[in-house]
Amino acid sequence: MLGPPGAGKGTQSERFARTHGLPKISTGDILREAGTAGTELGRRAKLTMDAGELVGDDVMIGIVGERLKRPDTVLGFVLDGFPRTIPQATALDALMEGRGPLVVVDIVVPKDVLLRRLAARRICGVCGVNAPIEWTTTCGVCGGDLVHRTDDSDGIVAERLKVYHRQTRPIVEFYKARPTFRKIDGNQPPDVVTASMDAAIREASVAAPGGVRL
Ligand code: AP5
């Protein structure tokens with residue numbers, strides 16, 4: 001699942017993974033959990049994330065490589081936030097050897113909409129879940145207080161968008177000639193995005209060489 005910060009990668013990955021009974025692997029969530037647990041990786045990653053920069057490729061490729069060894073990924077998985085650089089995309093191709101087709105979905109949303117979404121976003125300060133609009137002050141899952149994500153402040157968002165254009169956008173070029181690449185209009189209500197994503201992924205999965213029917 002590709003797209004700039006605030007495009008809806010996390011929201012849509014969660015929905016697709018739940019509907020199809022697949023694990024959702026979010027590298028941002030893995031890093032934030034490590035930060036909350038206070039591990040050495042988590043402490044270092046938090047400094048990088050709070051500056052709006054990317055964690056190093058070797059670390060990220062190692063994390064995803066280990067996660068993909070777990071048996072729950074055998075029938076497929078949803079990747080949210082990885083790959084984010086050309087070296088990560090190249091490493092993912094190697095990790096996909098012997099697996100089903102890699103379907104790549106690029107969620108496209110105009111910059112002014114991204115900025116509005118990130119300024120408005122609240123997450124649970126305890127369990128980290130994204131808060132839907134109807135939760136006002138407390139989390140509907142665990143009762144924790146709702147807070148801003150530390151990297152959603154104006155200055156950091158501007159840096160994240162710059163980093164996205166410099167380091168992540170080039171991977172759209174890397175993938176776009178492949179038969180399994182699809183673009184989705186993410187500037188629509190979440191349910192409409194979910195439906196178009198589901199249709200696009202089904203169609204791309206079947207059309208791919210060695211494709212599978214979802
Ligand atoms: P990560 O957590 O992946 O953040 P991100 O890519 O900046 O993406 P966001 O979580 O901000 O947005 P999203 O596209 O998931 O949108 P969401 O669904 O949440 O990464 C954080 C940091 O970790 C990185 O900056 C980097 O430092 C590090 N990192 C992670 N992976 C890495 C890697 N591979 N390599 C190196 N470093 C890495 O939606 C956003 C908001 O919009 C929500 O409030 C949501 O409710 C709302 N919304 C969603 N869809 C819609 C819609 N259709 N209409 C209206 N509102 C919507």
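Let me begin with the ligand: helix α2 gives the most to the shell around it, with 4 residues. Helices here (H or I, at least four residues) and strands (E, at least two) are DSSP runs, numbered from the N terminus.

Before going further, a word on the source. This is a predicted model, in which local features need pLDDT of at least 70 and side-chain atom pairs count only at pLDDT 80 or more, while totals for chains, interfaces and linings use all residues. Residues are numbered from 1 along each chain as its sequence is written, and side-chain values use heavy atoms, with hydrogens and water left out.

To return to the ligand, there are 33 residues around it, and T11, E53, R84, R121 and R160 come nearest. A residue is counted as near when one of its heavy atoms lies within 4 Å of the molecule. By class, the shell holds 13 nonpolar, 11 polar and 9 charged residues. In that scheme Ala, Val, Leu, Ile, Met, Phe, Trp, Tyr, Cys and Pro count as nonpolar, Asp, Glu, Lys and Arg as charged, and the others, Gly among them, as polar.

A backbone N or O atom of G6 lies 2.9 Å from an oxygen atom of the ligand. For A7, a polar backbone atom is 3.2 Å from a ligand oxygen. At Q188, a backbone N or O atom lies 2.9 Å from a nitrogen atom of the ligand. On its own the ligand has 1000 Å² of accessible area, and the protein covers 89% of that; such areas come from the Shrake-Rupley method with a 1.4 Å probe, and for residues only the protein chains shown count as cover. The elements that give two or more residues to the shell are α1, α2 (27-37), α6 (111-120) and α9.

I turn now to α9 itself. This helix, residues 190-207, has 18 residues and reaches 25 Å from its first C-alpha to its last, close to the 26 Å expected at 1.5 Å a residue. The expected span is 1.5 Å times one less than the number of residues. Its buried residues are V193, M197, D198, A200, I201, A204 and S205. Buried means under 20% relative accessible area, exposed over 50%, and partly exposed in between (1.4 Å probe, protein chains only). These buried residues of α9 pack against α1 (9-20), β3 (104-108) and β6 (181-185).

Helix α1 also contains S13. Is S13 buried or exposed? At 0% relative accessibility, S13 counts as buried. Setting aside residues up to four places away in sequence, S13 touches M1, K24, V78 and D80, where contact means heavy atoms within 4.5 Å.

The next helix is α7 (154-168). Helix α7 has 15 residues and reaches 20 Å from first C-alpha to last, close to the 21 Å expected at 1.5 Å a residue. The buried residues of α7 are I156, V157, E159, R160, L161, V163, Y164 and T168. What covers them includes α3 (40-50), β3, α6 and α8 (170-175).

Q167 also lies in α7, and at 29% relative accessibility it counts as partly exposed. Which residues does Q167 contact, leaving aside its neighbours within four places in sequence? They are L54, R84 and T85. Q167 and R84 are 83 residues apart in sequence, yet 6.9 Å apart in space, C-alpha to C-alpha.

D152 is buried, with a relative accessible area of 6%. Its contacts, leaving aside neighbours within four places in sequence, are L118, R121, V157 and R160. H148, at 42% relative accessibility, counts as partly exposed. With the sequence neighbours within four places again left aside, H148 is in contact with A119, R121 and R122. H148 and A119 are 29 residues apart in sequence and 8.4 Å apart in space, C-alpha to C-alpha. The side chain of H148 reaches the backbone oxygen of R121 at 3.4 Å, and it makes a polar contact with the side chain of R122 at 3.3 Å. A polar contact is a pair of N or O atoms within 3.5 Å; within protein, one must be able to donate a hydrogen and the other to accept it, and residues adjacent in sequence count only if both atoms are side-chain atoms.

Finally, the backbone at P83. This residue is in the loop between β2 (78-80) and α5 (86-95), and the peptide bond from F82 to P83 is cis, with omega near 0°.
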